[in-house]
Amino acid sequence: MTPAAVHPPVAAVRTAVRRALEEDLNPLGDLTSGLLPADARATAAFVARGPGVLAGRRCADEAFGQVDPLLTVVWTVDDGDDVTGGEVLGSVDGPLASMLTAERTALN
């Protein structure tokens, strides 16, 4: 299957992610992230809980990117790929507060 066949249109992804972030963060924003030191950085891995097929990569990228362009996401698999439990699918690196703000939307 070609990547174009498994990835949704970019415009639709941007709109859906913007709406999801608005829902997740309004009216008070991400209160937990506000408790962290401003200079805290982290790297986190996306790890499959069980066997399946990866879906939603473009949406996760967009969520992290809309929250903070300083967040860097790197994938080792693509949408449509079979994955096994415990497999590392990719990682995100950057400001911890931003990462935590985007996490819920990105993973959903």
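Colleague: Which residues in helix 3 meet helix 4?

Modeller: This is a predicted model. On the side of helix 4, the residues in contact are Ser98, Met99, Thr101, Ala102, Glu103, Thr105 and Ala106. The contact divides into seven nonpolar residues, three polar and one charged. From helix 3, the residues that meet them are Ala60, Ala63, Phe64 and Val67.

Colleague: Why is the pair of Phe46 and Phe64 classed as it is?

Modeller: Phe46 lies in strand 1 and Phe64 in helix 3, 18 residues apart. The ring centres are 6.0 Å apart, within the 6.5 Å limit for a pair. Planes under 30 degrees apart would count as stacked and over 60 as edge-to-face. Because the planes stand at 55°, the pair is tilted.

Colleague: Is Phe64 buried or exposed?

Modeller: Buried means under 20% relative accessible area. Phe64 has 2% relative accessibility, so Phe64 counts as buried.

Colleague: Why is the pair of Phe46 and Trp75 classed as it is?

Modeller: Phe46 in strand 1 and Trp75 in strand 3 (residues 72-75) are 29 residues apart. Their ring centres lie 4.7 Å apart. With the planes at 10°, the pair is therefore stacked.

Technical notes. Residues are numbered from 1 along each chain as its sequence is written. This is a predicted model: local features need pLDDT of at least 70, side-chain atom pairs count only at pLDDT 80 or more; totals for chains, interfaces and linings use all residues. Side-chain values use heavy atoms; hydrogens and water are left out. Contact means heavy atoms within 4.5 Å. Helices (H or I, at least four residues) and strands (E, at least two) are DSSP runs, numbered from the N terminus. Ala, Val, Leu, Ile, Met, Phe, Trp, Tyr, Cys and Pro count as nonpolar, Asp, Glu, Lys and Arg as charged, and the others, Gly among them, as polar. Buried means under 20% relative accessible area, exposed over 50%, partly exposed in between (1.4 Å probe, protein chains only).
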